Amino acid sequence: MTAIDPRVQEALDGERDPTTLPAELREAYARLTAAATLLRDPPATSVADRVMAQIRREAPATRPPRRSNWLLRPVTFRLRPVWTLAVAAAVAAVVFLPFRESAIPGAEEGVAQFVGHFPGARSVEVVGSFNDWQRGALALRDEDHDGIWHGAVVLPAGQHEYMFVVDGERWVADPLAGRYVDDGFGAGQQNSLLIVRP
Amino acid sequence: MTLLLLLLLQSPHARLEGRVPAAALPPLDSLIGQAVAESLPTEPLVQKALEGGAKGIPVPRLVNGVRHGLVQLRDARAIVSRATPARASLDGDVAAVAAALARGLDPGLIERLLSADSEPPGPVLHAAADLVAHRFPADSAADLLRTAQQQGLHGTRLLDVAVAASHELQREGGRTPTEALARVRAMLPNIPVATPPHPRTVTRRAGRGS
Amino acid sequence: MVAQVLAGDGEAFGIIIRRYEPGLLRFATRMLGSPDAAADAVAESLVRAYRHLAQCRDPQHLKSWLYRITGNRCRSHIGRRHMSDVALDDAPPLADPVDTWAVLERGEQVALVERALAALQPEKREAFVLKHVEGLSYEEMADVTGARIPTLKMRVHRAREALLLALKELV
């Protein structure tokens with residue numbers, strides 16, 4: 001590629017008065033500015049109507065949900081309960097919580113079951129990506145008061161991160177999750193990872 | 001599910017207001033704005049910000065956590081662009097690769113797993129991450145999963161392959177990773193579907209003073 | 001205007017579209033070489049911008065932000081196809097190569113310049129178009145592309161050299 005004289009570059013960058021360019025350099029300057037001028041022809045089309053039609057269709061109450069842009073994109077699944085990768089002792093009695101009491105999972109949903117052994121705890125809840133990390137949304141139960149806290153919820157198929165919160169203040173990874181990922185906040189804490197199969 | 005949809009319909013800024021410290025909102029808006037401008041998925045960043053707010057993470061670390069997520073999304077898109085250019089604009093693929101990077105999977109391995117498969121990459125990447133987490137050599141893990149795909153196993157069935165390998169490793173008498181993978185390879189495509197034990201069984205075991 | 005849209009006045013976004021659409025369409029057309037592909041890219045970009053307008057905290061940077069979204073859309077489109085497949089459908093046939101630049105009809109000159117531009121690598125093409133067609137400052141270009149100003153200057157300089165050479169070869 002033939003280099004352009006730096007003085008032409010300066011003139012094109014507005015750092016030099018082009019009238020001060022020597023005659024032999026003016027053609028290159030003129031050719032490039034002419035090319036840019038030709039490329040400035042206004043477009044013949046407009047997309048305004050098309051965009052506004054789309055925006056009107058997406059009125060706030062009916063805007064299409066963001067489908068699976070975070071969750072794994074599901075392929076054809078059959079309805080199955082979730083399992084964890086660790087040793088098989090991962091599931092307690094299934095109790096459908098008020099959150100989705102007696103809910104029947106849809107075609108791209110599955111049942112997620114949570115179990116934790118926290119003897120002496122007053123409360124255990126699950127907080128995670130499936131409930132926007134909201135406190136108080138998914139409480140586990142220990143009806144037998146044996147320290148085994150459990151619960152289940154219907155979730156979209158795909159990947160979810162979560163932790164247990166014990167007694168409202170202690171954040172604990174699920175020891176039975178089998179999959180973990182660093183939470184990325186620099187203190188080495190790990191979130192539990194759940195993959196829900198529909 | 002309805003709650004989740006309602007949550008997703010709100011703008012990222014609206015979802016973060018009141019959930020993260022006010023001082024964190026401007027830098028978080030900026031980071032999410034960068035993701036928007038770069039056509040990267042924003043939901044992973046919103047989730048990370050909400051998580052940080054819920055955990056009470058100090059503002060600088062919270063913002064860094066989200067920034068790290070943005071970097072991973074960029075890296076993920078670069079990997080998807082190289083391996084499967086036609087899918088580079090698919091948010092799900094980019095998010096799945098970012099999740100695999102977060103699980104510590106090597107970028108080269110991810111690219112290798114993507115390039116030979118036109119399916120959504122989440123399941124095969126998680127299966128690979130599961131195998132690597134159980135100390136199977138990464139290349140051998142990728143070979144096994146590739147063989148499983150060639151023999152008709154796809155989607156979450158690949159996770160069953162990883163579970164089977166894990167179980168082989170834990171069999172009484174012990175097996176080396178190489179032996180475990182060879183056993184699973186010999187079983188293909190008839191890998192059992194991993195199912196949890198009956199809940200009552202677990203309750204009884206947990207009740208024995210564990 | 002941004003504040004109006006964020007307050008729920010979706011129709012106000014139409015004003016934003018009318019203000020920025022011509023430049024965005026021109027930019028996308030020069031990047032993609034096809035008015036139809038450019039229309040798709042710009043429409044997608046504007047809808048995305050509407051959905052995420054709250055993330056553009058500083059209205060002063062709205063223009064750069066819109067160009068950045070559009071530039072990324074164009075890069076995605078380019079990544080999915082080869083520029084050599086682009087048809088300059090609306091351009092007239094190229095003139096006889098013995099004609100000099102001066103005697104070419106304007107339409108022929110546009111076609112030649114478009115062909116020369118299409119031959120540039122996407123990064124250089126984008127840099128030239130943003131600088132010389134859209135008239136952005138290097139600071140604005142840095143906002144749009146995320147690249148550092150020295151890098152952008154180098155790209156623009158190389159783009160000029162490549163374009164000049166291509167024009168010499170075509171005429």
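Tutor: The discussion below concerns strands, a helix and a nonpolar core.

Tutor: This is a predicted model, in which local features need pLDDT of at least 70, side-chain atom pairs count only at pLDDT 80 or more, and totals for chains, interfaces and linings use all residues. Residues are numbered from 1 along each chain as its sequence is written, while chains are lettered from A and ligands numbered from 1 in the order in which they are written.

Student: What makes strands S4 and S7 of chain A a pair?

Tutor: Two strands pair if DSSP finds at least two bridges between them. A:Tyr162 stands opposite A:Ser192 in S7(A).

Student: How many bridges join S6(A) to S7(A)?

Tutor: Three bridges join S6 (residues 180-182) to S7(A), also antiparallel, so these strands pair as well. Here A:Val181 has A:Asn191 as its bridge partner.

Student: Why is helix H8 of chain B called mostly covered?

Tutor: A residue is buried if 20 or more other C-beta atoms, placed from the backbone, lie within 10 Å of its own. In H8(B), 11 of the 12 residues are buried, among them B:His126 and B:Asp130.

Student: What makes the largest nonpolar core a core?

Tutor: The term denotes a set of buried Ala, Val, Leu, Ile, Met, Phe, Trp, Tyr and Cys residues joined through C-beta atoms within 7 Å. The largest such set has 154 residues, with B:Ala128 and B:Val161 among those with the most contacts inside it. Helix H2 (residues 13-32) of chain C gives the most to this core, with 10 residues.

Definitions and conventions. Helices (H or I, at least four residues) and strands (E, at least two) are DSSP runs, numbered from the N terminus.
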